[in-house]
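Subject: Structure for your review

Dear colleague,

My notes on it follow directly after it.

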Amino acid sequence: MSAAAAAVPLSHTVTAAGGDADREQRMKWWHEARFGMFIHWGLYSTLGRHEWAMENEGIPLAEYEQLAKRFKPKPNAARDWARLAKQAGQKYMVMTTKHHEGFCHFDSKLTNYTAPKQGPGRDLVKEYVDAARAEGMRVGFYYSLMDWHHPDGARCATDEAARRRFVAYIHGQIRELLTNYGKIDILWYDVAWPLDAKGWESEKMNAMVFQLQPEIIVNNRNQLEGDFATPEQRISADKRAWESCMTMNDSWGYQKADDDWKTPKTIVRNLVTCARDTGNYLLNIGPEADGSIPDESVRILSWVGRWMDRNGVSIYQSETTQPRRSAFASFTRKGNTLYMHVYFWPGQTVALGGLTNRVKSAKLLATGQDVKFEQEKFRVRFTGLPEKAPDDPVTTIAIECDGEPRQDMDWVRKEHPRVTTL
């Protein structure tokens with residue numbers, strides 16, 4: 001993964017089976033889910049320095065290949081990943097089947113650089129698929145087009161014979177992945193370097209994908225538009241379907257020295273922001289070499305999961321919302337219900353300016369407790385609240401309105417009286 005990888009030119013040619021109606025049907029579950037787990041796991045996990053260690057440190061290929069013999073994860077580590085994803089309120093998972101290093105977690109007939117033929121001695125993708133399905137998770141495959149291990153992975157840019165060999169290899173592995181593991185819900189391409197869409201034969205690639213998996217959804221990183229955009233390490237709403245992928249600290253893979261962890265509050269706020277603009281949040285874990293999840297990842301996701309148990313209704317199946325402005329809150333919506341997520345609790349009174357609807361009722365979402373309110377022309381005041389925030393790390397007030405909630409701060413700015421009688 002890299003930020004630059006997301007910034008690829010997009011083709012606007014048809015890249016999916018069928019038209020808009022077909023895409024809407026395929027993506028319905030994904031839009032409703034809002035929250036998923038990304039898993040970056042590979043030979044780099046044995047080093048514990050960075051998922052780009054092979055390239056960033058200039059490690060010779062022969063030296064790096066020895067990691068494949070040392071990589072011996074515990075059996076069925078993915079069961080813990082899937083259980084944690086379910087506990088956190090996530091609805092789908094996306095695992096690195098092959099990262100840039102070229103090592104395959106699946107059983108490929110096209111190379112011996114695979115988990116079944118190296119240290120693990122078994123198919124780790126199958127273990128992941130079985131674990132995800134056992135917990136009711138939708139199953140996604142990450143697959144890196146860039147490959148530092150394949151002899152044609154770089155020279156394909158200047159050697160046509162090498163390009164043909166390499167593209168056949170990549171297409172062949174995608175075919176294996178989408179043939180050998182039953183129904184797959186997401187194909188998540190990454191890093192198209194060093195070829196463009198024509199060089200990758202991406203139209204042909206996607207046609208094969210949809211022939212094998214008619215209900216799958218694909219992202220935009222094979223330099224075609226795909227079904228959804230993929231802003232990385234940032235939240236950037238798009239006019240089309242989009243998913244923000246982020247790390248929990250600063251690294252995708254296991255990085256034992258990386259202690260720059262996001263707080264549960266930051267994770268919840270990011271999730272709310274994505275849901276507010278009808279995007280998804282794909283949050284990463286980087287398991288250790290044996291497959292164990294770092295303790296801090298478990299702690300944070302468990303905390304988020306407890307919040308989702310109380311407040312998930314405000315996230316799943318959320319709709320676009322026009323109320324956006326507050327100094328201490330963000331918003332999601334479902335129908336005529338506005339969810340005000342208060343992340344800086346102001347005390348016994350919480351105010352919302354510019355709401356043009358009539359409020360019918362309000363309650364604390366976590367407890368169902370009714371909240372008193374006073375509605376004036378330019379604001380609604382929710383009163384009688386506890387001095388300290390009643391939910392952690394973010395308190396949600398569910399506000400039932402007489403129609404789809406609307407906020408007009410320009411109206412407040414222009415019409416609010418500026419003169420008083422002293």
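Two helices, α7 (78-88) and α8 (124-134), each contribute at least two residues to the lining of the largest cavity. A cavity is a set of points, on a 1 Å grid over the protein atoms alone, where a 1.4 Å probe fits but cannot get out, and its lining residues have an atom within 4 Å of a point. The model is a predicted one, in which local features need pLDDT of at least 70 and side-chain atom pairs count only at pLDDT 80 or more, while totals for chains, interfaces and linings use all residues. Residues are numbered from 1 along each chain as its sequence is written, and side-chain values use heavy atoms, with hydrogens and water left out.

The cavities

There are 2 cavities of 30 Å³ or more. The largest holds about 40 Å³ of space, where a volume is the space filled by probe spheres set on the grid points, which are joined across faces, edges and corners. Its lining consists of W41, K74, N76, A77, A78, W81, R122, L124, E127 and Y128. Helix α8 gives the most, with 3 residues. By class, this lining has 6 nonpolar, 1 polar and 3 charged residues; Ala, Val, Leu, Ile, Met, Phe, Trp, Tyr, Cys and Pro count as nonpolar, Asp, Glu, Lys and Arg as charged, and the others, Gly among them, as polar.

The second largest cavity has a volume of about 30 Å³. L364, L365, A366, T367, P390, D391, T395 and T396 line it, and these divide into 4 nonpolar, 3 polar and 1 charged.

In α8, the buried residues are L124, V125, E127, Y128, V129, A131 and A132. Buried means under 20% relative accessible area, exposed over 50%, and partly exposed in between, with a 1.4 Å probe and protein chains only. The cover over the buried residues of α8 includes β1 (35-39), α7, β2 (92-98) and β3 (138-144). At the start of the helix, a side-chain oxygen of D123 comes within 3.0 Å of the backbone nitrogen of V125. Just after α8, G136 has a positive phi of about 75 degrees.

P287 sits in the loop between β7 (280-285) and α13 (295-311). Its relative accessible area is 0%, so P287 counts as buried. Beyond its neighbours within four places in sequence, P287 is in contact (heavy atoms within 4.5 Å) with I39, H40, W41, S45, W81, Y254, S292 and P294. The C-alpha atoms of P287 and A78 are 9.6 Å apart, although 209 residues separate them along the chain.

H171 belongs to helix α9 (residues 160-177) and is buried, with a relative accessible area of 9%. Not counting residues up to four places away in sequence, H171 touches W200, E201, K204, M205 and M208.

Backbone features

Most residues other than glycine have a negative phi, and most peptide bonds are trans. E201, in the loop between α10 and α11, has a positive phi of about 55 degrees and is partly exposed at 26% relative accessibility.

A cis peptide bond joins W193 and P194, with omega about 10 degrees; P194 is in the loop between β4 (186-190) and α10 (197-200). The bond from D392 to P393 is also cis, with omega near 10 degrees, and P393 lies in the loop between β13 (379-383) and β14 (395-401).

The chain as a whole

The chain has 14 helices and 14 strands. Of its 422 residues, 57% count as buried.

Yours sincerely

Key: 1 Å grid on protein atoms, 1.4 Å probe; cavity = no way out; pocket = protein on both sides within 12 Å on 5 of 7 lines; lining within 4 Å. Helix = DSSP H or I, 4+ residues; strand = E, 2+ residues; numbered from the N terminus. Polar contact = N/O pair within 3.5 Å; in protein donor to acceptor, adjacent residues only side chain to side chain.
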